[in-house]
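Please keep the sequence and the structure in view while reading.

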Amino acid sequence: MGLSANIINIIIGGGIFVLPATIAASLGSASIVAYLFCGGVMVLVMGCFAELGSVFTGAGGSYNYIKSSFGVYPGFITALLIVLASFSGDAAVANAIADILGTFIPIFKEFWIRSIFFIILFFGFGTLNIIGLKKGVGFVKLVTFLKLIPLFLIILFGSKEILPSSFQWESIPSINDVGEMSLILFFAFIGAEKGLSLSGEVKNPKKTIPRAIAISISAILIIYIFVQIISQGILGESLSKFDKNPLAEVALNIFGPIGFTIMTMGAAISMIGSLSSKILSMPRVIYAAAKNNVIPIKKLAKVHKKYATPFISIILYASLGFSFAIMGGFKELAIISSASTLLIYLGISLATLKLKTSKTENISDGYKVPGGFLVPIISSVIIIWLLSKLSLDKIGIFSVVILLLSIIYFILRFFSQKSLNPK
C-alpha cells in the first residue's frame, strides 16, 4: 500500500484539473475511451519498469535501465529526455496555474503578470531548494495532503447532480481521434516510473510490485474517470468551453460561487505542490547524471559550499522551466512532455525485450512481467503508434533535438577523451 500511495501521489498532478474540457472538446461523452486506453498503456509500461527495476537496482531509474541495457550514449539521450519531459511538463503546469487563477483574478491573463508569476514559481522554489533540501521537502509535505481534496469534493457531491442525457454517444470516436487525445491525456498519467525507481529494494518485489501497479493505476483510473463523468454529466456539451478551469465550473454548479473559489484555489495549490516536488527532485537527476558522467558536464555536479546542494543544476532546471513557461501554453507543452516521456517508455520496453534475451547473472531472481515477450512488444507498438500522431512540425522538432543532443554528446566525449589522453 505504501508503494501504491507513492505512485498515486506522483502521478496525480496538474493535468487532471484542466484536461477534462480538452478531451471532451474532441471526444465528447466518449472521453472515457481515452482514459481507459492510457491506463492500459501505463499498466504495460509499468510492468516493464518493474521487471527492469528488479534486476538493475542501482540509482537513476529510467536512464540507469537504458544505460545498463544499451550503453552510455542511449543513457545520455534518456537522461536529457527525462529532463526535457520534466521541465516542459512543469512549464505546462505553470501555465495551467496561471490560466486557472486568471478565471478568478483576471490580472493573471496579462503577459507581464504571468511572467512575474513564473519567475516567483521557478526561481522561488529553486532558491528554496538551494538553501536546503529539508526546507523544500517541508513545503512539499505541507501541500501534498491537500492534493486530492478538490477531486474528492467533486466526486462526493457531484455524483448527485449529473444528467444521464449528457452521456449519449452521438458517434463512435475514430481510432485517430482517440490516439490524438490520448497523446495529450497521457500527460495526466506520467510519473509512475519515479515511484518504481527503487523497485529493486522493495520487499518481495515479485508480489509487491505488480500488486502496487495494479492498485495505483486502478485507483488513478477510477478517480480520473469519475472526475470526467461528473464534469461531463453536470456541464454536458458546454464542458469544452471551460478549457482554462473546468472543475471550478463544475464546483460552481454544485456549490455555487463559494465552490468556484474553493476549487480554483484548491486546484492551484495542488498544482503548485506538484510543481514544487518536481523542482525539488529533478535537478538532482541532472546532478546524478553529471556525477556519473552520463552527462559529461562536470559543473552540473558541483555542490554549494555552504548548503551542500547541487545549485548549478537547480539554477539550470529553474531557468529552463521558466523559459518554456514564457514561450508556450498548457496544451502544447503537455504534448512535448508526453512525447518525451513516451520516447523514454519506448526505450524501457525495448530494454525489457533485450533483458529477456540476455544472460545477465541473477536475472532469474527478478520479477517477470506476465506474458513474456508479449507485454514489451505490445507496449512498443502502441507507443510508436501514439508518437505517429504527433504533427509533422513536432516530429521535426524532436528529430532536431535528438540530432543536436547526439552532436553535443560526441563533442563532449571527444574533448573528455582528449583531456584524459593528452599527447
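This is a predicted model: local features need pLDDT of at least 70, side-chain atom pairs count only at pLDDT 80 or more; totals for chains, interfaces and linings use all residues.

## Glycine 47 in helix 3

With a relative accessible area of 5%, glycine 47 is buried, because this value is under 20%. Glycine 47 belongs to helix 3, which covers residues 32-53.

Which residues does glycine 47 touch, leaving aside those up to four places away in sequence? They are Ile213, Tyr367 and Val369. Glycine 47 can also be compared in position with proline 210: the two are 163 residues apart in sequence, yet their C-alpha atoms are 7.1 Å apart in space.

Glutamine 232 is part of helix 11, formed by residues 205-235. Its relative accessibility is 6%, so glutamine 232 counts as buried. Apart from residues up to four places away in sequence, glutamine 232 touches Ala24, Gly28, Ser29, Ser31, Ser166, Phe167 and Leu239.

Valine 285 is found in helix 13, which runs over residues 257-291. Is valine 285 buried or partly exposed? It is partly exposed, because its relative accessible area of 23% lies between the limits of 20% and 50%. Between valine 285 and leucine 80 there are 205 residues of separation in sequence, while the distance from C-alpha to C-alpha is 9.7 Å.

## Helix 5 and helix 6

Two packed helices are described by the angle between their axes and by the distance between those axes. Helix 5 (residues 72-104) packs with helix 6 (residues 111-131) at an angle of about 130 degrees, and their axes are 11 Å apart. Helix 5 is therefore oblique to helix 6. The crossing of helix 5 past helix 6 is right-handed.

On the side of helix 5, the contact is made by Asp90, Ala91, Ala94, Asn95, Ile97, Ala98, Asp99 and Leu101. Helix 6 contributes Arg114, Phe117, Phe118, Leu121 and Phe122. Sorted by class, the residues of this contact are nine nonpolar, one polar and three charged.

## Helix 8 and helix 12

A further pair consists of helix 8 (residues 149-158) and helix 12 (residues 246-255), whose axes come within 10 Å and cross at roughly 40 degrees. Helix 8 and helix 12 are therefore oblique to each other. Here the crossing is left-handed.

Helix 8 brings Leu151, Leu153, Ile154, Phe157 and Gly158 to the contact, and helix 12 brings Leu247, Val250, Ala251, Ile254 and Phe255. The contact of helix 8 with helix 12 has nine nonpolar residues, one polar residue and no charged residues.

## Cysteines and disulfides

A disulfide is a covalent bond that joins the sulfur atoms of two cysteines. How many disulfides does the structure hold? The number is zero.

## The chain as a whole

The secondary structure of the protein chain amounts to 17 helices and zero strands. Of the 423 residues in the protein chain, 53% are buried.

Contacts can also be sorted by separation in sequence. Among those between residues at least 6 apart in sequence, 81% join residues at least 24 apart.

Technical notes:
Residues are numbered from 1 along each chain as its sequence is written. Side-chain values use heavy atoms; hydrogens and water are left out. Axes are lines fitted to C-alpha atoms, for helices over the stretch in contact, and angles run from 0 to 180 degrees between N-to-C directions. Helices (H or I, at least four residues) and strands (E, at least two) are DSSP runs, numbered from the N terminus. Angles under 35 degrees count as roughly parallel, over 145 as roughly antiparallel, 65 to 115 as roughly perpendicular and the rest as oblique. A crossing is left-handed if the near helix is turned anticlockwise from the far one by less than a right angle, and right-handed if clockwise. Contact means heavy atoms within 4.5 Å. Ala, Val, Leu, Ile, Met, Phe, Trp, Tyr, Cys and Pro count as nonpolar, Asp, Glu, Lys and Arg as charged, and the others, Gly among them, as polar. A disulfide is a pair of cysteine sulfur atoms within 2.5 Å. Buried means under 20% relative accessible area, exposed over 50%, partly exposed in between (1.4 Å probe, protein chains only).
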